[in-house]
Amino acid sequence: MNYEPTLEFARAQDEADPLRSYRDRFHFPSLGTSELAYFTGHSLGLQPKTVRAAVELELDEWARYGVEGHFHSTNPWYSYHELLTPPMAEIVGAKESEVVCMNSLTTNIHLLFVSFYRPTKDRYKIISEAKMFPSDRYLLETQAQFHGFDPDDAIIEVAPREGERFIRDEDILSAIEANADELALVFFGGVNYFTGQLFDMPALTDAAHAVGAVAGFDLAHAAGNVPLSLHDWDVDFAAWCSYKYLNSSPGNVGGIFVHERHGRSFDLPRFGGWWGHDKDTRFQMKPGFQPMEGAEGWQLSNVPILGMAAMKASLDVFAEAGMKTLREKSEKLTGYLEYTVDLLAEEFPDADISIITPRDPAKRGCQISMDVAGRERKLFDDMIAAGVIADFREPCIIRMAPVPLYNTFEDVFTFGKVMRRLLADGGDK
Ligand SMILES: *Cc1c(COP(=O)(O)O)cnc(C)c1O
């Protein structure tokens with residue numbers, strides 16, 4: 001696509017965007033700035049306007065029915081989570097029996113590790129990515145320790161090569177080969193939160209299986225962002241949160257995937273709770289845990305209805321827009337942001353701007369992380385003060401997500417305009 005750095009160009013793209021009406025379905029924060037460009041959907045998605053009514057409905061039902069709402073409300077709470085399964089399964093490319101929404105992300109990964117990280121004296125290693133999200137790093141460390149291993153020995157982190165910014169898939173595959181006999185698990189983020197790199201999940205899964213290891217993914221930055229086919233890729237398990245690209249509200253419940261190959265493995269070790277117990281005998285309240293078939297057999301608790309109501313409203317928007325259309329726009333819009341950053345890099349060589357996200361659209365989602373090595377944090381603070389909302393990591397990495405559901409080409413243009421002004425003001429170094 002041929003991009004141009006003008007407002008006319010940006011507006012013409014927005015005009016032609018099949019998803020242009022979706023922007024109006026979201027609440028944008030008002031931060032008292034003259035401009036507003038929200039690029040933080042990678043951390044907290046915006047609120048769909050339909051969420052309030054969906055939550056109010058459940059508040060009304062609770063007021064009206066009390067406990068009877070479990071069976072008599074408009075969407076009975078007893079089976080409320082089942083409403084979320086079809087749209088969620090669609091988003092991650094799974095069969096409905098392979099997906100359920102429950103708990104929060106880190107909790108869910110720990111629960112899945114109970115079943116899928118089964119280290120032995122000889123086979124206990126986990127291969128993962130360097131610079132993984134801290135919660136995942138703590139999770140791996142404490143899992144290794146829980147099983148009596150030294151994290152430094154058990155966790156193998158694959159890092160970018162000297163002088164490179166992201167990880168080569170071939171280096172992950174070599175690490176899997178090199179540790180073939182000791183490897184228990186390959187556990188990666190689908191999309192790395194920091195660089196935005198999208199990993200080759202089907203290749204990693206095949207490689208893990210070829211050496212007798214299990215393949216699991218944290219899809220926090222992938223679900224609702226990039227196309228996923230977890231079932232066809234033969235992934236063993238995955239988990240994700242719903243409040244980033246899936247816009248379900250802060251800290252809301254996550255989703256899990258368990259491949260159907262494992263869905264009837266009732267002898268897999270797992271932690272039980274009544275909501276994972278066979279529905280037909282759940283209310284007999286007898287001892288003897290009998291897990292349900294499929295992903296639902298990993299549930300523990302009855303579900304938080306208010307959060308799930310918000311999530312349902314949000315997933316309805318996704319189902320309507322469709323991942324295919326979203327992905328098409330995402331590639332163009334992310335390309336425009338990349339182009340805009342490249343122009344800034346050219347215009348302001350002293351700012352030493354570089355992009356640390358892969359250039360290949362097939363290797364990234366809707367994210368551009370830029371390193372502004374020639375400036376300090378003040379640049380970012382000024383950018384926020386001017387109304388361009390992004391995320392900052394030391395030393396001066398700015399992570400931006402142009403989200404296809406609600407961001408526009410004009411937002412990207414605004415970013416370019418604001419940065420040009422701030423960079424022209426000179427550095428603080
Ligand atoms: C956002 C994110 C988390 C957050 O975990 P919670 O348990 O939902 O707080 C964990 N891992 C990754 C990779 C993330 O991006």
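How many cavities of 30 Å³ or more does a search of the whole structure find? The search finds 3. A cavity here is a set of points on a 1 Å grid over the protein atoms alone where a 1.4 Å probe fits but cannot get out.

This is a predicted model, in which local features need pLDDT of at least 70 and side-chain atom pairs count only at pLDDT 80 or more, while totals for chains, interfaces and linings use all residues. Residues are numbered from 1 along each chain as its sequence is written, and side-chain values use heavy atoms, with hydrogens and water left out.

The largest cavity has a volume of about 70 Å³, a volume being the space filled by probe spheres set on the points. Its lining residues (an atom within 4 Å of a point) include Pro5, Tyr336 and Arg420. Helix 15 (409–424) gives the most, with 5 residues. Helices are DSSP runs of H or I, at least four residues, and strands are runs of E, at least two.

Now turn to charge. The whole structure holds 33 salt bridges, each a side-chain nitrogen of Lys or Arg within 4 Å of a carboxyl oxygen of Asp or Glu. In one of them, Arg161 meets Asp171 at 2.7 Å, N to O. Arg161 lies in the loop between strand 6 (155–158) and helix 8 (169–178), and Asp171 in helix 8, so the pair ties together parts 10 residues apart in sequence. Asp171 is buried at 17% relative accessible area, whereas Arg161 is partly exposed at 34%. Buried means under 20%, exposed over 50%, and partly exposed in between, with a 1.4 Å probe and protein chains only.

Terms used
On a 1 Å grid over the protein atoms alone, a cavity is a set of points where a 1.4 Å probe fits but cannot get out, and a pocket is an open set with protein on both sides within 12 Å along at least five of seven lines; lining residues have an atom within 4 Å of a point.
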